[in-house]
Amino acid sequence: MEKLQAPDVCHAYQIVHQNGIPDEQIVVMMYDDIAYNAENPYPGKIINKPNGPNVYPNVPKDYTGKEVTPENFLAALKGDSSAVKKSNPKVITSGGNDTLFIYLSDHGGSNTFCFPKGTLHAHDLIETIKEMARNYKFSKMVIYMESCESGSMFTTLPDNVHVYAVTSARAHENGYACYFDSVRKTYLSDEFSAVWMHYTEANDLDKKTFRDQFSYLQEKMQKSHSCRFGDKTMCEDPISVFVKYTPQSVQDKTRAEELALTHLTSNDEVPFKILEHRIRTETDAGKRQYLIRKQETLHQTKAKIEGTVKAIKQQFPGFALEGDLDDDYSQMDLHAFKTVAEHFRTTCFDWHEEEFQMALSHTHVFARLCARGVEAERIKAVITAVSRGRRFLQ
């Protein structure tokens, strides 16, 4: 089990549910392949912190499996049941007096956030938010996003539509997994999610604002750097306006538990670390050899992706495409980037396949080219040429 997202999504549901938000006002999307996965040594149980409670019971199965798509997410968010590819779909039926809190957790890349078999592009998310604002679908909206490079998703978010977004990382920064469980052989949570959930459950949310929580994130996060976007005047709003009030008993229990982040591991290293642990602890010789071959294949795939991207970059001499550069994506044509990213995915490495998820960490190359005015068609032509040459060389 290598998926990080479901435990955090389940915990987020438990938080808003225990705070008194009724299930008819909550929509949950998760692939739901962990609780009863053959590799889960505790069937039906999911935790997202060491010795934590089971966060799986009673989580609504509003969207699972193949229903968890970016198209269904955006349609459900807008309340457009006719656009959802699912019978009798549950959607958000909000209006101009309603507040919305959205939490997203999965893999990501530059201007991209992944669903199990689809990609939510920054262009589509921002356009949906603008449409909802025009149609008076909310009074205020808060979005928390956990993914690598999530800071790139909201650079064009307007500051005048009453939407406030907080991300787990900067635009060119990886997210970090935490809490490695040697029995479950996976990481239980992510740094950003572990911190904001602990804060939410430990405090009187009538007296704590989003500014207070963001300060806490900056203080406690050790690896990646949380960012905020949009209408920053909403930082002064009490958190309870969006997620109601944490019960006193939960506050007391959470305060007694020290927040101690352990095993912080960059998400691009997570599959390698999990395999290393499994190889080290496997006692069956045949299974161990299988895992070793899987590890070798993973390293070969990583090298292949890096080689392809290097060849693409070589076709754009004079452009600084790596390093911690202060790129301004606020004026970038997000639709042009989307076409380039999708071309790279369909032509070279489909990051919806587990073996190629590492390709997401290279999408910043295309974002930087687009941000500097390189035409999308030129970038796509180079991707095609390099891909054909790579296949020919193989």
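In what order do the three strands of the open sheet come? That was my starting point for today, keeping in mind that this is a predicted model.

**Entry 1: the sheet.** I read the order as β2-β3-β4, and the pairing is antiparallel. Next I looked up the edges: they are β2, at 108-109, and β4, at 118-121, each pairing on one side only. A reminder to myself: strands of a sheet pair through backbone hydrogen bonds, either parallel or antiparallel.

**Entry 2: β2 and β3.** I checked how β2 is joined to β3, which covers residues 112-115, and found two bridges between these antiparallel strands. I also noted a facing pair, with G108 opposite F113 of β3.

**Entry 3: helices on the sheet.** Helix α2, residues 70-78, packs on this sheet and touches β3 and β4. I noted about 50° between the direction of α2 and that of β4. Then I turned to helix α10, residues 334-347, which lies across β3 and β4. Its run makes about 160° with β4.

**Entry 4: S226.** I moved on to a single residue in a loop. S226 sits between α5 (210-220) and β9 (227-230). Is S226 buried or exposed? Its relative accessibility is 9%, so I put it down as buried, the cut-off being under 20%.

What does the side chain of S226 reach? I found the backbone oxygen of T167, at 2.8 Å. T167 is also in the list of residues that S226 touches, leaving out those up to four places away in sequence. I wrote down the others in that list too: V166, S168, F192, F214, L217 and M221.

Notes: Residues are numbered from 1 along each chain as its sequence is written. This is a predicted model: local features need pLDDT of at least 70, side-chain atom pairs count only at pLDDT 80 or more; totals for chains, interfaces and linings use all residues. Side-chain values use heavy atoms; hydrogens and water are left out. Two strands pair if DSSP finds at least two bridges between them. Helices (H or I, at least four residues) and strands (E, at least two) are DSSP runs, numbered from the N terminus. Contact means heavy atoms within 4.5 Å. Axes are lines fitted to C-alpha atoms, for helices over the stretch in contact, and angles run from 0 to 180 degrees between N-to-C directions. Buried means under 20% relative accessible area, exposed over 50%, partly exposed in between (1.4 Å probe, protein chains only). A polar contact is a pair of N or O atoms within 3.5 Å; within protein, one must be able to donate a hydrogen and the other to accept it, and residues adjacent in sequence count only if both atoms are side-chain atoms.
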